[in-house]
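Open the model in your viewer and keep the selection tool ready. We will go stop by stop.

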Amino acid sequence: MKRVLITGAAGFLGSHLCDRFIKEGFYVIGMDNLITGDLKNIEHLFKQENFEFYHHDVTKFVHVPGKLDYILHFASPASPIDYLKIPIQTLKVGALGTHNLLGLAKEKDARILIASTSEVYGDPLVHPQSEDYYGNVSTIGPRGVYDEAKRFMESITMAYHRFHGLDTRIVRIFNTYGPRMRLNDGRVIPAFIGQALRGEDLTIFGDGLQTRSFCYVDDQVEGIYRLLMSKEHLPVNIGNPDEITIKDFAEEIIKLTGTGQKVVYKPLPQDDPMQRQPDISKAKEVLDWEPKVEREEGMRITYEYFKSLSSEELYKKEH
Ligand code: NAD
Ligand code: UDP
């Protein structure tokens, strides 16, 4: 049985990856320190014989007994309010955590895939963003702790590939959504749906003309799986190019939830990228991958998930 280590396993993407690898017949070792994740995302896996969980902070030395065939490094705060709240941990998990996992991959002779992000392009001056764009990131701005950690992560991964011949993969993930996102993580989809469910106004930051392109989680997981199994060691964008302004997206959510909420305008956070859309030509060519789930369908499933949460979760204040 092939064995895979997934860090960030109790988080949104990590838990969906655990499900996928279990379904593919792997032995899955999940690892997480639960700083932004939740065990309830993986508790359904605890009864599986081919799943085990380590409660561990990957910025500390990582030890896993036995062989490992694959490592997927997904541990990291991922929402802007999370990484603004825990900036040092964010830098550490991208830098020290990645170093530890590359070392583990080298020791185990395992293939490693690291979760990078569209944030490496910063507030992009090129549109849509393809993998050969170097990006426009402020090193010292508040988002720099995340963006630069991820850029370092890519650099050290390429150094291990070139210097040690390590078998590496780099995925640049664009905004992804779906069930198991944390209702209060501040990202726009849980924020808007939570506000609609609580009968609050939807908060648009800035003039709402900034754009994002949202990818449903099943499509994202399929792209990551294909990349891991491919031979491509250079970065690949995985995302859905269907771009929308935040203002129009708020209107879509008001329609979806049928709550008739109003929108209110709040200041735009510093360095908030004005536009974002993945160029996925490379993923199409090397992975024969493209997203299949339309936003309408993905958002309907996501809304059902958030609606099913308890009112205690709905009113929990984290920030
Ligand atoms: P998430 O917050 O739901 O999951 C991250 C998980 O990592 C959490 O369970 C958290 O507890 C864990 N973690 C954080 N620091 C850790 C540490 N030091 N040791 C062990 N575990 C730690 O976020 P997500 O959306 O699932 O993102 C997962 C990965 O994908 C992140 O690396 C993120 O940067 C990347 N990513 C996500 C998106 C997206 O749209 N969801 C976009 C780009 C990149
Ligand atoms: N946003 C917003 N209202 C909110 C939360 C977010 O208008 O309540 C905006 C945010 O300023 C950004 C976009 O929605 O322009 C996407 O934000 P998110 O935090 O989801 O992701 P990221 O900025 O990392 O793409």
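**Stop 1: around ligand 2**

Select the shell around ligand 2: its residues divide into 7 nonpolar, 5 polar and 3 charged. Remember that this model is predicted. The shell holds 15 residues, and those that come nearest are R187, V188, A191, T203 and F205. Two elements give two or more residues here: α5 (188-198) and β8 (202-205). Of these, β8 gives the most, with 3 residues.

**Stop 2: helix α5**

Stay here and select α5. Is this helix mostly covered or mostly open? Mostly covered: 9 of its 11 residues are buried. Colour V188, I189, P190, A191, F192, I193, G194, Q195 and A196 to see the buried ones. Now show what they pack against: β7 (176-177), β8, α7 (246-257), α9 (295-307) and α10 (311-315). Then step just past the end of α5 to G199, where phi is positive, at about 75°.

**Stop 3: around ligand 1**

Next, select ligand 1 and its surroundings. There are 28 residues around ligand 1, and G8, G11, G37, A75 and A78 are the closest. By class, this shell has 13 nonpolar, 13 polar and 2 charged residues. Which elements each supply at least two residues of the shell? They are α1 (12-23), α3 (87-108) and β5 (111-117). Highlight α1, which gives the most, with 3 residues.

**Stop 4: the sheet**

An open sheet of 7 strands runs in the order β3-β2-β1-β4-β5-β6-β11, with parallel pairing. Its edges are β3 (51-55) and β11 (236-238), each pairing on one side only. From one strand to the next, the twist averages 20°.

Zoom in on β1 (residues 3-7) and β2 (residues 27-32). These two strands run parallel and are joined by 5 bridges. One pair to pick out is R3 with its bridge partner in β2, Y27.

**Stop 5: helices on the sheet**

**Last stop: the annotated range**

Zoom out and select residues 5-301. UniProt lists this range as "domain: NAD(P)-binding", in an unreviewed entry. Over that range the chain is 37% helix and 18% strand.

Note on methods: Residues numbered from 1 in each chain as written. Chains lettered and ligands numbered in written order. Predicted model: local features only at pLDDT ≥ 70, side-chain atom pairs only at ≥ 80, totals over all residues. UniProt positions renumbered as here; feature names shortened; annotations may be inferred. Helix = DSSP H or I, 4+ residues; strand = E, 2+ residues; numbered from the N terminus. Near = placed C-beta within 6 Å. Nonpolar A, V, L, I, M, F, W, Y, C, P; charged D, E, K, R; others polar. Buried ≥ 20, exposed ≤ 12 C-beta atoms within 10 Å, placed from the backbone. Contact = placed C-beta atoms within 7 Å. Pairing = 2+ DSSP bridges. Axes fitted to C-alpha atoms, helices over the stretch in contact; angles between N-to-C directions.
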